[in-house]
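The exercises below are meant to be worked with the sequence and the model side by side. Please try each task before reading its solution.

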Amino acid sequence: MCAGEMKIEKIRVALTGNPNVGKTTLFNVITGSRQHVGNWPGVTVEKKSGFKQYKGYEIEVVDLPGTYSLTAYSLDEIVARDFIVDERPDVVVQIVDATNIERNLYLTTQLMELGSKMIIALNMYDLAEERGDKLHVTKMEKILSMPVVLTIASKNIGMSELLDTVITEKQKVKHHGREIGYGDEIESRIIEIEKVLSQDKDLTSRYPLRWLAVRLLDGDENILRKIAGSSVATQIKTILTSLDIEEYEAMMADKRYEVISAVFPQMCERCMTRMTTSDMVDRVMTNKYLGIPIFLALMWAAFELTFSFATPFMTIVERIFVWLGEISAAYIRPEWLASLVGEGIIGGVGSVFSFIPNIFILFFLLSMLEDSGYLARAAFIVDRVMYKIGLQGKSFIPMLLGFGCNVPAIMATRSIEDRMDRMATIMVVPFISCGARLPIYILFAGTFFSENAGTVIFCIYLLGILVAVGSAKLLRTTALKGHPAPFILELPPYRIPNLNTSIRHMWDNGSMYIQKAGTIILGGSVVIWLLAALPWGVEYGSEQTFIGLLGHAIQPLMEPLGFDWKLSVSLLFGFVAKEIVVASMGVLYGVGDDQIALTDSLLADPHLSQLTALSLMVFSLLYMPCIAAVGIIKKETGSWKWTAFSVAYGLAVAWLLAFAVFHGGKMFI
Amino acid sequence: MKHDPGKLREKVLFSVVAGFLYVLAGSIQFVLSIGAMFDINSVNSLGNSALGFLFIPSDFMGSLVLVLIGSIFFYGLMELRNGFNEGIAYVYVGIIISLIFATVYMLVLAGNWMESCLLNDPEITGWSFIDDFRPAIYLGILSLCGYILWKKDFRNMNK
């Protein structure tokens, strides 16, 4: 370090709060990150950190998953709580929705017990003021004994004030917090437990003892596990078994609500809940009879546009790659290298790239629906149906995320508290059609059902949801038996989707496919080209090549579904990534990325028909999504057995349904 | 919730007209799509001749969407007639959804125009503007008028 250079002081800040209060938006604004922000609860399931250099400080901001309380019933709640308790950030910022202060205060009462330095960021205060609420910030600071900063994260308002307050709080030597008084009976128990806990020096140094005692009386199993190895564990257990913990838990929650209802009117005037325009619109959107048809109609519109509106853009991309292919054929020598570059690399990568406009348009439309707040309603509408079949509506949120990519969707199941619900959801998410499968549908629906391609694609997506829901029912009545936990979802207010946000979401989700085209698909295309070109001397892509031999080896398994060796081998490569299915078609039919030529070749292939196309789309929809999805299933279930089950079950369902479509369809087509 | 009775009457009337037109167009489209699906000559010729001026295609899913929009207006009408002023929300949502679908069909039309006229795609030669001119587009004009007329009312419908 140079002489005179000042050492940068570090401050670690944890952002916490109820779901959907704008934590991630605030995190992105402060750190300049681009984490996904969703207009529904449960988008953040892992903690994420970012840095900000501010007034000579390096501020590390950690975005924690949203939680209504610190009772730690679900994984995301545990992640949030453990971070605050174990990592001890310098300052905890609770983001409070200014339009819903009363409900947010429950978490505040629990955070106060942790003894951390706290700041309240009263976010979206403009919305509260717009509806006529009067916020008494100074009074709030006095009552809670902590600073309160007004912020509008989406408009970058109040950020400097918040960071200044963070620095001030960090510098404070002494911290005076408020605590909830639980009444004589509970307080005497708290003191008794604290006394026992204080005998363990390790516990004393790691946790605030009063908080530990309160959590234990609240029946917190996670805390019980934390003290299991302590020398005082037996004593604590004896005390707890002598008490009716459920009653204590209820009494303590009552006390917290009592305190909240006493202090809340002093903090805010006219903050009563009134029916808003959003509520009125919800009367229609969540209507018992109209809700599901409206949802289906909007999804159909999204797929219709994905197919029809994207076509000219697809043609443009395709023509660029055809031109590149022609250039490589004309200028590259020797011939085999021209074939590798033209038919293998440009053909394979180009055939996937042609579908990028469709993928981007679908993601754009889905993010518009999400940003508007509609997708949260979709989860609510579907909950009625899902509860009846044994899953809770919360499972539908990961499923909706699955339309983008199954990997984050499986991770999003962490917000599901009930283990059985979570496992069932993980098992069925792979049936939800991700963006990588879209090129297959566009190619086959466009070729064999050109007039109704949008509707056919919509039906395939719908089939994915139906199979997921049906499988959940099956699992919840057999291997994962039990009743689904009740689902409480806070519906965010409707917002006019912001074009920039929607474009950013579209890019965040869609750019993954561009990256894949340049990596996995490129590698896969070269492998497929090699297999289609070797051994030397035989006709490229013919039955005598390695790929032909491989195709013939697995064909007996796939023949009942109407697939010849080319389709079979393409599906086999789809295990790595689904886009490779289309890339290998281009290589196997020897047309590279020329979609018109590929369409003509598919139509001219005597083995292919509308039924084969349907059967192939159904199989592609339902069999294992990709290697990455299998990896994440293993990680999230922590079990090879469940992972193997997921792959085998997917394959079996795919095979059976494709078989039913191919043979059953003969009665109609 | 108090609403100006005159304006309320306007919305009731609008719901009747819009609901009727959407359900009618949707029903005709449904019959035509069934005719095309099962190749019923009499139905197909009806679509090509007598009803040609309505630009109603044989689009099954589209027909269901039109009926759905009409049903939203009728549902609102039912609530308004029963004295539930929240029924206005149905008129509002009906208008918004019909505008969404008008936009969707206009984008489809724009996509096909680009494909045919700008890119000269041989696959859709002979395409004309009329091919993609759907009832959802011209009925959307009615909804647009409703939206412009009652924009303020809808924003304050909870007051």
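How many helices and strands are there in chain A? Chain A has 32 helices and eight strands, where helices (H or I, at least four residues) and strands (E, at least two) are DSSP runs, numbered from the N terminus. The model is predicted, so local features need pLDDT of at least 70 and side-chain atom pairs count only at pLDDT 80 or more, while totals for chains, interfaces and linings use all residues. Residues are numbered from 1 along each chain as its sequence is written, and chains are lettered from A and ligands numbered from 1 in the order in which they are written.

**Exercise 1.** Find how H7(A) and H11(A) are oriented to each other.

Begin with the axes, which are lines fitted to C-alpha atoms, for helices over the stretch in contact, with angles from 0 to 180 degrees between N-to-C directions. For H7 (residues 184–197) and H11 (residues 233–241) of chain A, the axes come within 9 Å and cross at roughly 165°. Angles under 35 degrees count as roughly parallel, over 145 as roughly antiparallel, 65 to 115 as roughly perpendicular and the rest as oblique. H7(A) and H11(A) are therefore roughly antiparallel.

Next, list the residues in contact (C-beta atoms, placed from the backbone, within 7 Å): A:Glu192, A:Ile193 and A:Val196 in H7(A) meet A:Gln235, A:Ile236 and A:Ile239 in H11(A). By class, this contact has four nonpolar, one polar and one charged residues, with Ala, Val, Leu, Ile, Met, Phe, Trp, Tyr, Cys and Pro counted as nonpolar, Asp, Glu, Lys and Arg as charged, and the others, Gly among them, as polar.

**Exercise 2.** Work out what chain B brings to its contact with chain A.

The contact takes 26 residues from chain B and 22 residues from chain A. On the chain B side, helices H3 (60–81) and H4 (88–118) each supply at least two residues, and the largest share, 14 residues, comes from H4(B). The residues of this side divide into 18 nonpolar, four polar and four charged.

Notes. Contact = placed C-beta atoms within 7 Å.
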